[in-house]
Amino acid sequence: MSAKPSLWISRKLSDATIKRARRDYEVILNEADGLSSDADIVAMSARVDAVIPCHSEHFSADVAARLDPRLKIIANHSVGVDHCDLPALAARGIAVTNTPDVLSDATAEIAMLLMLGAARRAIEGDTLVRAGNWDVWSPSFMVGKQVTGARLGIIGMGRVGQAFARKARGFDMEVHYYNRSELSPEQAGGATYHASVESLLHVADFLSLHCPATPETTGLMNGGRFALLPKGAVMVNTARGALVDEGALIAALESGQIAAAGLDCFETEPGGNPVLAQYQNVFMLPHIGSATTQTRDAMGFRALDNLDAFFAGQRPRDLL
Ligand code: 8YV
């Protein structure tokens, strides 16, 4: 057996991550960077001691049951772990880690971009100018919704939610939040706590989702909940597509209940939603919340730190 543990890197991570991984592990890299099927994942598990997957590789209960006992740790290159069936993996004795903290600011930046772009009609304006169709100007032209001073509702006040709240305070927004538990005054930074999602929605002129996708949060934003928002609210989702019932969102856009939306994630990924794509008041990005050079390196290094601890016989910092 090789002195170095063997490691499957299932997607093309940053150059710095791969360089460091090759120094310390026998790396099998998915150079082609394509998606792996369940069968690919199961087959690979017999060849390696560890894997660094992205959220694009699914470790369902079925896959977990079929994994080879050689695989000992799944060191995710993501903070979200909804692609991993944690109880099923625990039952197989496989350790699972994630990469919290390091992507909070990059994701909050994308939430801010989406909120501003949706509120100020960025897609509509860009399309008009780019197509050479900008042939009029008027004070009643492309009037949007002002962000500065508005009420912002955040669902999920974890690391990303708090990073977004900090940025929103720079826009003098009045921040409200719903979270499973109330934060300490230092963490809340002056934001108002709501003990229920419903209470929060009533005051959310802007709404931003930052909670994980779990069976409890799937379809969190449905028709009934959209109806509780102030009319003409703007919704932003940089968390997971599963949180939003896209059919209900389309109905809310049609009725004007939602004035605009900014989406970095979708029920179907990759791909998105072709019906939502018809709306100029929906600002869409292809799940790039954490896609900065700095953050991708930090995510890769955090995953490797977790692996290093595990193979040194220590408890990984981000063991779930
Ligand atoms: C990543 C994310 O791009 O970390 C997460 O949970 O959704 C994204 O920031 C992706 O998961 C990388 O694997």
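A nonpolar core is a set of buried Ala, Val, Leu, Ile, Met, Phe, Trp, Tyr and Cys residues joined through side-chain atoms within 4.5 Å. Buried here means under 20% relative accessible area, exposed means over 50%, and partly exposed is in between, using a 1.4 Å probe and protein chains only. You are looking at a predicted model, in which local features need pLDDT of at least 70 and side-chain atom pairs count only at pLDDT 80 or more, while totals for chains, interfaces and linings use all residues. Residues are numbered from 1 along each chain as its sequence is written, and side-chain values use heavy atoms, with hydrogens and water left out.

Let us start inside. The largest nonpolar core has 30 residues, and those with the most contacts within it are Ile 155, Leu 207, Met 221, Phe 226, Met 235 and Leu 249. Two or more residues each come from α9, β9, β10 (233-237), α11 (246-255) and β11 (258-263); such helices (H or I, at least four residues) and strands (E, at least two) are DSSP runs, numbered from the N terminus. Helix α11 gives the largest share of this core, five residues.

Next, find Val 203 in the loop between α9 (197-201) and β9 (206-209). With a relative accessible area of 18%, Val 203 is buried. Not counting residues up to four places away in sequence, Val 203 touches Arg 151, His 176, His 194 and Pro 230. Ser 181, by contrast, is 22 residues from Val 203 in sequence and 19 Å away in space, C-alpha to C-alpha.

Now follow helix α12 (residues 293-311). Its 19 residues reach 27 Å from first C-alpha to last, close to the 27 Å expected at 1.5 Å a residue; the expected span is 1.5 Å times one less than the number of residues. Among the buried residues of α12 are Met 299, Arg 302, Leu 304 and Leu 307. The cover over the buried residues of α12 includes β1, α1, β3 (50-52), β4 (73-75), β5 (95-97) and α5 (104-119). Just after α12, Gly 313 takes a positive phi of about 80°.

Charged side chains come next. Side chains of opposite charge can pair when their charged atoms come close. A salt bridge is a side-chain nitrogen of Lys or Arg within 4 Å of a carboxyl oxygen of Asp or Glu, and by this rule there are 18 salt bridges. One of them joins Asp 33 and Arg 11 at 3.1 Å, N to O. Asp 33 lies in the loop between β2 (26-29) and α2 (38-45) and Arg 11 in the loop between β1 (6-9) and α1 (15-24), so the pair ties together parts that are 22 residues apart in sequence. Asp 33 is partly exposed at 28% relative accessibility, whereas Arg 11 is buried at 17%. Another salt bridge pairs Asp 24 with Arg 23 at 2.9 Å, N to O. Asp 24 is partly exposed, at 25%, and Arg 23 is exposed, at 55%.

Methods: Contact means heavy atoms within 4.5 Å.
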